[in-house]
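Please keep the sequence and the structure in view while reading.

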Amino acid sequence: MTQTPNIPPIIESDEREYRDSGVPSTVAIAGHPIHPVIVTLPIAFLVGAFATDAVYWLVGDDFWARASFWLIAAGLVTGIAAAITGMLDFLRIGRVRKHSAGWAHMVANVAVLVLTIINLVLRLNNVTGAVLPAGLILSLIVAALLGISGWYGGELVYRHKIAVIGYGDPEGP
């Protein structure tokens with residue numbers, strides 16, 4: 001049996017969830033949730049864009065500005081795919097909407113997508129000129145928001161047992 005963690009939750013927690021078997025994702029292949037697999041791509045691309053923006057700032061080589069542009073474009077495309085799978089679970093599993101972690105995760109990810117669109121549009125006709133300072137700042141904010149969103153996504157899975165193998169009540173605690 002899973003032990004209750006002895007760390008205080010960042011946001012609400014319900015003791016009943018620790019004894020619950022969990023709620024499976026509504027977007028899965030052979031019971032394996034798709035969202036956690038897909039989110040690795042936009043996270044890698046968008047955090048990578050912050051890194052390449054920082055390198056461009058340090059060395060001034062246009063290669064790094066172009067790399068950032070393509071990483072942001074790839075992050076947006078894969079982020080939309082991740083958002084679709086995540087939003088389907090958000091809408092179909094009532095337990096997600098009952099926890100502030102679900103709302104924080106969703107709002108942070110929507111903000112990431114909006115800021116990523118802005119960052120990409122700024123660079124469309126000015127790949128190198130848009131990096132400093134606006135592009136670098138936007139990339140930093142996006143990377144930070146992804147860290148925050150990931151924390152809340154972890155809260156949903158590990159604390160509230162959402163998108164795991166189980167037979168719990170999707171509308172549960």
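In which helix is Pro-133 found? Pro-133 is found in helix α7.

The structure discussed here is a predicted model. Pro-133, located in α7, is joined to Leu-132 by a cis peptide bond, with an omega of about -5°. As background, most peptide bonds are trans, and most residues other than glycine have a negative phi.

## Two residues with positive phi

Ala-30 is not a glycine, yet its phi is positive, at about 55°. The residue sits in the loop between β1 (28-29) and β2 (32-33). Is Ala-30 buried or exposed? With a relative accessibility of 85%, Ala-30 counts as exposed, because the cut-off for exposed is over 50%.

Lys-161 also has a positive phi of about 55° although it is not a glycine. Its place is in the segment after α7. Lys-161 has a relative accessibility of 12% and therefore counts as buried, since buried means under 20%.

## Helix α4 and its last residue

Helix α4 has 31 residues. From its first C-alpha to its last it reaches 45 Å, close to the 45 Å expected at 1.5 Å a residue. At the start of α4, a side-chain oxygen of Asp-61 comes to within 3.0 Å of the backbone nitrogen of Phe-63.

Arg-92 belongs to this helix, which covers residues 62-92. With a relative accessible area of 48%, Arg-92 is partly exposed, because this value falls between the limits of 20% and 50%. Which residues does Arg-92 touch, not counting residues up to four places away in sequence? They are Thr-26, Val-27, Arg-97 and Glu-171. The side chain of Arg-92 reaches the backbone oxygen of Thr-26 at 3.4 Å. Arg-92 and Val-27 are 65 residues apart in sequence, and their C-alpha atoms are 9.6 Å apart in space.

## Thr-52 in helix α3

Thr-52 is found in helix α3. Its relative accessibility is 9%, so Thr-52 counts as buried. A polar atom of the Thr-52 side chain lies 3.1 Å from the backbone oxygen of Ala-49. Not counting residues up to four places away in sequence, Thr-52 touches Trp-64, Ala-67, Ser-68 and Leu-71.

## Helix α6 and what covers it

Helix α6 has 24 residues and reaches 34 Å from its first C-alpha to its last, close to the 34 Å expected at 1.5 Å a residue. The buried residues of α6 include Ala-101, His-105, Ala-108, Val-112, Leu-115, Thr-116, Asn-119 and Arg-123.

Which elements cover the buried residues of α6? The cover includes α2 (35-38), α3, α4, α5 (94-98) and α7.

## The enclosed cavity

How many cavities of 30 Å³ or more does a search of the whole structure find? The search finds one. The largest cavity has a volume of about 30 Å³. Its lining consists of Leu-46, Ala-49, Ile-72, Thr-116, Asn-119, Ser-139 and Val-142.

By class, the lining divides into four nonpolar, three polar and no charged residues.

## The largest pocket

The largest pocket holds about 670 Å³ of space. Its lining has 31 residues, and those nearest its centre are His-35, Val-39, Gly-86, His-105 and Asn-109.

At least two lining residues are supplied by each of α2, α3, α4, α6 and α7. Which helix gives the most to the lining of the largest pocket? That helix is α7, with eight residues. The lining of the largest pocket has 20 nonpolar, 10 polar and one charged residues.

How values were computed
Residues are numbered from 1 along each chain as its sequence is written. This is a predicted model: local features need pLDDT of at least 70, side-chain atom pairs count only at pLDDT 80 or more; totals for chains, interfaces and linings use all residues. Side-chain values use heavy atoms; hydrogens and water are left out. Helices (H or I, at least four residues) and strands (E, at least two) are DSSP runs, numbered from the N terminus. Buried means under 20% relative accessible area, exposed over 50%, partly exposed in between (1.4 Å probe, protein chains only). Contact means heavy atoms within 4.5 Å. A polar contact is a pair of N or O atoms within 3.5 Å; within protein, one must be able to donate a hydrogen and the other to accept it, and residues adjacent in sequence count only if both atoms are side-chain atoms. The expected span of a helix is 1.5 Å times one less than its number of residues. On a 1 Å grid over the protein atoms alone, a cavity is a set of points where a 1.4 Å probe fits but cannot get out, and a pocket is an open set with protein on both sides within 12 Å along at least five of seven lines; lining residues have an atom within 4 Å of a point. Grid points are joined across faces, edges and corners, and a volume is the space filled by probe spheres set on the points. Ala, Val, Leu, Ile, Met, Phe, Trp, Tyr, Cys and Pro count as nonpolar, Asp, Glu, Lys and Arg as charged, and the others, Gly among them, as polar.
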